[in-house]
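User: I am new to reading protein structures. Could you take me through this one, feature by feature?

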Amino acid sequence: MAKQAAAPIERMAGSKPHKGRQITLEIVTFLLFILFMMPFIIVIFNSMRTNADIINQPVGLPTDLGQFWRNITEIWNNPTFNFLSALRDSVIITVISLAVISIFSSMAAWVLVRNKTKWSNIIFLCYVAAMVIPFQVVMFPLLTWFRTVGDFLGIPMLRSYQGIIFAYLGFGEAMSIFIFHGFIKGVPLELEEAADIDGCSRAGTFFRIVLPLLQPVFVTVLVLNGLWIWNDYLLPLLVLGSSGTIRTIPLAVQGFNGAYVKQWHLIMSSTLLAMLPIIILYLFAQKYIVQGMVDGSIK
Amino acid sequence: MASVKLTDVKKIYDNKVTAVHDFNLEIKDKEFVVFVGPSGCGKSTTLRMVAGLEDISEGTLEIDGEVVNDLQPKDRDIAMVFQNYALYPHMTVYDNIAFSLRLKKVPEDEVYERVTNAAQILGITEYLTRKPRALSGGQRQRVAIGRAMVRNAKVFLMDEPLSNLDAKLRNQMRAEIILLRQKLDTTFIYVTHDQTEAMTLGDRIVIMKDGYIEQVGTPQEVFDTPVNLFVAGFIGSPQMNFLKAKLLQEGSGYSVEILGAKIPLNEDQNAVLKGKNIGSQDIILGVRPEHTTVLFDRADNAIECTINVNEMMGSELHLHLSSANDDRIIVRLPTVDLTKEQRNSLAYGSRMYITFPAKVMHLFDPETERSLIDG
């Protein structure tokens, strides 16, 4: 009996037999870290090198750090790339898409959770099913549909802000509703009933009571959708086109990747510029992402 | 302050389950009524119908003479305290209490006055700037009561407000609710599954089972004259003992025969039985543990029992006995009256004798389970 009780205490103290295993695990983890970080490191290093350097030796250390500023200045002054205009378009599309996705999804999820009918279950299952449909399957029908709807309503859906934002709402809603749904189920109904008795309208209950409680999961939804929308290349290419007046940063970066000439130093530097805002957002919000996911699933 | 009248109120859920059957009750202005019963008896559903959180399937609900069936909860002028407090977690205690007043666009000076006044009464002034998660269970419950208090509502509803608290705090809060009631002087409807709460708080108690009202009466009435076996067993702690016995009609009088003991009924009981034209029959005899006298020696009309369990409660002993009929009997025995020898003799397996006077006996029909005298 005493022997049995002693065993876990030994393990907790980190006794010798496990030390070797621990070191091996740490080495493997470190190697995996390097492996996963390598593309990012290559982008950072190559954004500080010249095009000739990169072509001669794709993976290498920068020799002149001042090259980074020269690359950035070149991008900034490049009339084809037009960084500011691309940044403006990316910000407009991402911010408005995130706003409509998060507000509509949270409201829809709330209604689906609180109306326990057969139909609300079916609608929710449709959203869940929509999550597993690959984008590539629907991308061409989507374009045809956008053209038809646009012609019919007289509202241009292709090569327009409203078109791409509407498309992002459609594609982002399923996962967002799924995440909100899981979280709202854990919000006690009594809170809403108390608000009801206190004199809140339905909309008031949502905006004053439910929405503030969704804060952690709201950040999760914003970051997950933000990462994807900001970096997305294929949907903007299809809806906005590569030569349209509205161009997101990924579309603009593609401009350096010509059929005959590839300006690798500019591709790398502009990619780094494109990544920075979303990395900063992620670093600030990452604790909420984990918290939001856990809150929705196990609480 | 208002009266509440429920007439033939029914609650039928979508799956055809009837949670509340033909509920009829008139609650007078400033009365404190307690709905009590086991889980699933429909007490909370009835309260929620009064609050407007559940639709009323059939019947009418009137508050102050006005039918409010179709009114939204916010338009019924009621205040409610929930079992799990339902405090808004993202607001401070002050904002929680002030929430309903601000929705009503009450001037901020008056909001301040009413909130601080309620906080003072409830002793939570120093916590007004805290968020609910930084409060203990008892403090949260006070905030929940404060939130209901400031509204000066016509009817104050409480849905098992003390069941999340530990036993000591529950007793303390129970006393505070009694004080609060005196200060507020309004109509209260209180739901609980705890008969002690019901007995101590209520002017009248509504005992419910399976969606039906079993009995309505003052605490004394339901304790002294339970109309059926359920009420008799539910009210009182430890619960009433039920023994198999026979009612005998001999000439103009009645007596109860149990295990050789024969206890004649008193004049009032005889008159009621005779009035109902009841003859000799099998009965279930109900006797409360505190109404049973324990004898250490054999005596006339005493029932012999064996001790199964001896529970020491401090000021009294709870003896769990079994009779020759295999009836389980609990007896309360004040320890102050016992000598050391007597206490030592109350060991497992020891024999002892119990007796009780006719006036404390409750007679129930085994078929209908209704009281033969009080029903």
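User: How are helix 8 of chain A and helix 11 of chain A oriented to each other, roughly parallel or roughly antiparallel?

Analyst: Some ground rules come before the answer. This is a predicted model, where local features need pLDDT of at least 70, side-chain atom pairs count only at pLDDT 80 or more, and totals for chains, interfaces and linings use all residues. Residues are numbered from 1 along each chain as its sequence is written, while chains are lettered from A and ligands numbered from 1 in the order in which they are written. Helices (H or I, at least four residues) and strands (E, at least two) are DSSP runs, numbered from the N terminus. Axes are lines fitted to C-alpha atoms, for helices over the stretch in contact, and angles run from 0 to 180 degrees between N-to-C directions. Angles under 35 degrees count as roughly parallel, over 145 as roughly antiparallel, 65 to 115 as roughly perpendicular and the rest as oblique. Now the case: helix 8 (residues 161–184) and helix 11 (residues 215–231) of chain A pack at about 155°, with axes 10 Å apart. Helix 8 of chain A and helix 11 of chain A are therefore roughly antiparallel.

User: Which residues of helix 8 of chain A meet helix 11 of chain A?

Analyst: Contact means C-beta atoms, placed from the backbone, within 7 Å. In helix 8 of chain A, look for A:Tyr168, A:Gly172, A:Ser176, A:Ile179, A:Phe180 and A:Phe183. They meet A:Val217, A:Thr220, A:Val221, A:Asn225 and A:Ile229 in helix 11 of chain A. By class, this contact has seven nonpolar, four polar and no charged residues. Ala, Val, Leu, Ile, Met, Phe, Trp, Tyr, Cys and Pro count as nonpolar, Asp, Glu, Lys and Arg as charged, and the others, Gly among them, as polar.

User: At what angle do helix 2 of chain B and helix 4 of chain B cross?

Analyst: Helix 2 (residues 93–103) and helix 4 (residues 137–149) of chain B cross at roughly 30°, and their axes come within 7 Å. That makes helix 2 of chain B roughly parallel to helix 4 of chain B. B:Val93, B:Asn96 and B:Ile97 in helix 2 of chain B meet B:Val143, B:Gly146 and B:Arg147 in helix 4 of chain B. This contact has three nonpolar, two polar and one charged residues.

User: Now the sheets. What is the strand order in the open sheet of four strands in chain B?

Analyst: Two strands pair if DSSP finds at least two bridges between them. The order here is 2-1-4-5, with antiparallel pairing. Strand 2 (18–27) and strand 5 (66–67) of chain B stand at the edges, each with a single partner strand, so one side of each has no neighbour in the sheet. Strand 4 (residues 58–63) of chain B joins strand 5 of chain B over two bridges. There, B:Ile63 stands opposite B:Glu66.

User: Which strands stand at the edges of the five-stranded sheet in chain B?

Analyst: That open sheet has the order 13-12-11-14-20, again with antiparallel pairing. Its edge strands are strand 13 (261–264) and strand 20 (362–364) of chain B. Inside it, five bridges join strand 11 (residues 241–250) to strand 12 (residues 253–258) of chain B. One pair of bridge partners is B:Gln249 and B:Tyr254.

User: How many residues does each chain give to the contact between chain A and chain B?

Analyst: Chain A gives 13 residues and chain B gives 16. On the side of chain A that touches chain B, helix 9 of chain A supplies the largest share, seven residues. That side of chain A has eight nonpolar, one polar and four charged residues.

Definitions and conventions: Contact = placed C-beta atoms within 7 Å.
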